[in-house]
Amino acid sequence: MVADHGDVLVPVGDSETLRRTVAYAVEQAYESAAETGESVTIHFVYPARWRIFETDRDDITIANELLNRVVVWAEEDLDELVGEDAPKPVNVESATVGTSEYVFSPGDFADVISRYADANGVERIVVDPSFRPGGSVPILRSFEEELAQRGFDVFEAPVTRQTRRRLPFTDIGLPEFFLVYAVSFLFYLALGGWHVTDLYEVVTGAATAGVVTLTLSRVALKSELPDLRLIGMSLVRLAAYTPILLWEIAKANVALAYVVLHPRLPIDPRIVEFDAAVWGDMPVTTLANSITLTPGTLTIDVSRQHFLVHALIPEAEDDLLEGTLERLVRFVFYGRDSASIASPRERLDDGEEEN
């Protein structure tokens, strides 16, 4: 249940439980206003990600339509609670935030939401349980946890959502189980060179795949069944990325060989820090490994999207901040539109100008 009084903020994103979350927030705000005799304002806030993709007018239109729809829902619920002609003890506001920022992770979304909340004196936040801005992966704190870390009273709306049937001893459903099992079994056969000489190999392969699926299913698949079409497109783009990465490695080898063979040995090691415009386990890991594979640079640490890289020469730092590898990794996992995001150096310059 929402705390006793005060204005309420509801982050908005299209989801199956958004309508019921709005109804819950309105009901709680109305009860709070009735108990205290003071008006309450509900802020419906849409966190945008327009700056990390090439802005599409349709995205802005969809966001505005969603906010307008939410406001209409809230006013309908208020009319049912107090009557159409009665004075409303609850005010409804709506806004879009994050339009000029690079937001990737749940922490980034929490930052833009918290700034709006602080500016409007809001301390209570009601979260739609189906709303997952920035994804939901084990290495990251959830959106709700990020908001709570910033000192807000966070409440998940107690609305039901469609539940998936989960198999015993696993955290995944039947389709996900068969997918992990099939991949494990095929990997077992691949290790044997695809040579199946007797039934024993098939049985041991099936048993091994079963054990792997039961023990590693939560790691292999963290959420719903992945979109095979997107996976296929990512694999195609990864195939195109591989020779480019090899070319970058070759160029870095030549540059490093020149430095090592130079009589003055002009090595100038340094630590480079930047926030990469990639998000999710696989893209972050791919970028970190790509940087390490490139001679002259070594990924020391990664925290969310924050990279700490050792660069042996100034040219290696320049290459990092120009963002060639970062842009290519985005292309692999998110498609062509995301490749146009500003480079790390441009984002750092933007941040310095804003400060």
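How far apart do the end C-alpha atoms of residues 174-196 lie, and how much of the span is helix? I looked this up and found 27 Å between those end atoms, with 78% of the span in helix and 0% in strand. My reason for picking this span was the UniProt record, an unreviewed entry, which places the feature "transmembrane region" at residues 174-196 and 202-221; such annotations may be inferred rather than shown by experiment.

Notes on the model. I am working with a predicted model, in which local features need pLDDT of at least 70 and side-chain atom pairs count only at pLDDT 80 or more, while totals for chains, interfaces and linings use all residues. Residues are numbered from 1 along each chain as its sequence is written, and side-chain values use heavy atoms, with hydrogens and water left out.

Entry on the whole chain. I noted 11 helices and eight strands, where helices are DSSP runs of H or I with at least four residues and strands are runs of E with at least two, numbered from the N terminus. Of the 355 residues, 41% count as buried, that is, under 20% relative accessible area, with exposed meaning over 50% and partly exposed in between (1.4 Å probe, protein chains only).

Entry on the cores. I looked for nonpolar cores, sets of buried Ala, Val, Leu, Ile, Met, Phe, Trp, Tyr and Cys residues joined through side-chain atoms within 4.5 Å. The largest has 26 residues, and Val12, Val22 and Phe44 have the most contacts inside it. Two or more residues of this core come from each of β1 (8-11), α1 (18-36), β2 (40-47) and α2 (57-82). Another core, of 23 residues, lies apart from it and includes Val272, Val284, Ile313 and Ala316.

Entry on the rings. I counted one aromatic pair, using the rule that rings of Phe, Tyr and Trp (its six-membered ring) pair if their centres lie within 6.5 Å, with planes under 30 degrees apart counted as stacked, over 60 as edge-to-face and the rest as tilted. The pair is Phe274 with Phe307, stacked at 5.5 Å centre to centre and 20° between the planes. Phe274 belongs to strand β6 (residues 270-275) and Phe307 to strand β8 (residues 306-311), 33 residues apart, and both residues are buried.

Entry on Leu265. I found a positive phi of about 45° at Leu265, although this residue is not a glycine. Leu265 sits in the loop between α7 (228-261) and β6, and with 43% relative accessibility it counts as partly exposed.
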